[in-house]
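Q: I'd like to learn how to read a model like this one, feature by feature. Could you walk me through it?

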Amino acid sequence: MNCEMCGADDAEYKTIIEGTELTVCSKCSKHGKVLHKPQMIIRKKEFARFKKEEKPEIIEKIISEYGTKIRKARTKKKMTQEEFAQKLSIKESLLNKIENSALKPSIPLAQKLEKVLKIRLIEEIEETKLKIKKSETEAVTVGDLIDFE
Ligand SMILES: [Zn+2]
């Protein structure tokens, strides 16, 4: 908005100058009585509350004894690690690590192992997560509010 006295483009002051209400810039506002001064304040809304999620999340987890369970089931089937790895189309070294509990299989691989060996490797855990909302910062022009007072 342009100043009604000098034309400057930062006119934000409602000012009574010689009996007339004008919207002028900060310089010109000094010539009259300022009714309405703009000022920015920052209001902080704190939302840092813990919010419980209504639906618990189902988390698929590989059981802790997966290594021995796989090894046992494989030997039962009289398959070597090499043969079994081939059947699963994975590397023998990977299977070896899994059987030694050095590496957890991914969920899809575990599902495959479950099918082939007819064992349970995945357990489902219900988990209710606590979420934290970050605080939000809101900027408001006080002038907009004063008008109605
Ligand atoms: Zn001006």
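A: Happy to. Let's begin with what counts as a helix: a DSSP run of H or I, at least four residues long, with numbering from the N terminus. This is a predicted model, and in it leucine 88 belongs to helix H3, which covers residues 81–88.

Q: How many helices and strands are there in the protein?
A: The protein has 6 helices and 9 strands. Of its 149 residues, 28% are buried. Among contacts with a separation of 6 or more, 56% link residues 24 or more positions apart.

Q: Which residues does leucine 88 touch, leaving aside its neighbours within four places in sequence?
A: Look for Leu95, Lys112, Leu113 and Val116. Take lysine 112: it sits 24 residues from leucine 88 along the chain, yet their C-alpha atoms are separated by 7.7 Å.

Q: How do I read the way H3 meets helix H5?
A: Start with the axes, then go to the side chains. The axes of H3 and H5 (residues 107–117) come within 11 Å, crossing at roughly 115°, and the crossing is right-handed. On the H3 side, the residues involved are Phe84, Lys87 and Leu88; they meet Lys112, Leu113, Val116 and Leu117 of H5.

Q: Which residues of H5 are buried?
A: Leu109, Ala110, Leu113, Glu114, Val116 and Leu117 are. The partners of these buried residues are strand E6 (57–62), helix H2 (66–76), H3, helix H4 (92–99) and strand E7 (122–127).

Q: Now the metal. Which residues coordinate the zinc ion?
A: With a metal, list the donor atoms, then check the angles. Here the SG atoms of Cys3, Cys6, Cys25 and Cys28 coordinate the zinc ion at 2.2 to 2.3 Å. Four donors count as tetrahedral if all angles lie between 85 and 135 degrees. The angles among the 4 donor atoms are 106 to 116°, and the site is tetrahedral.

Q: How are the donor residues spaced in sequence?
A: The pattern reads C-x2-C-x18-C-x2-C. One of the donors, Cys3, has a relative accessible area of 6%, so cysteine 3 is buried.

Q: And where is serine 29?
A: Serine 29 is in helix H1, residues 26–29. Its relative accessible area is 5%, so serine 29 is buried too. The side chain of serine 29 reaches back to the backbone oxygen of serine 26, at 2.6 Å. Beyond residues up to four places away in sequence, serine 29 touches Tyr13, Thr15, Val24 and Val34.

Q: Which residues should I look at for positive phi?
A: Read the backbone angle together with the place in the fold. Glutamate 18 is not a glycine but has a positive phi of about 50°. You'll find glutamate 18 in the loop between strand E1 (13–17) and strand E2 (20–24), and its 80% relative accessibility is why it counts as exposed.

Serine 101 is another case, with phi near 55° in a residue other than glycine. This serine 101 lies in the loop between H4 and H5, and its relative accessible area of 38% makes it partly exposed.

Terms used: Residues are numbered from 1 along each chain as its sequence is written. This is a predicted model: local features need pLDDT of at least 70, side-chain atom pairs count only at pLDDT 80 or more; totals for chains, interfaces and linings use all residues. Side-chain values use heavy atoms; hydrogens and water are left out. Donors are N, O and S atoms within 2.8 Å of the metal (3.2 Å for Na, K and Ca); water is not among the atoms, so sites may look incomplete. Four donors count as tetrahedral if all angles lie between 85 and 135 degrees; four count as square planar and six as octahedral if opposite donors are over 155 degrees apart and all others between 65 and 115; anything else is irregular. Buried means under 20% relative accessible area, exposed over 50%, partly exposed in between (1.4 Å probe, protein chains only). Helices (H or I, at least four residues) and strands (E, at least two) are DSSP runs, numbered from the N terminus. Contact means heavy atoms within 4.5 Å. A polar contact is a pair of N or O atoms within 3.5 Å; within protein, one must be able to donate a hydrogen and the other to accept it, and residues adjacent in sequence count only if both atoms are side-chain atoms. Axes are lines fitted to C-alpha atoms, for helices over the stretch in contact, and angles run from 0 to 180 degrees between N-to-C directions. A crossing is left-handed if the near helix is turned anticlockwise from the far one by less than a right angle, and right-handed if clockwise.
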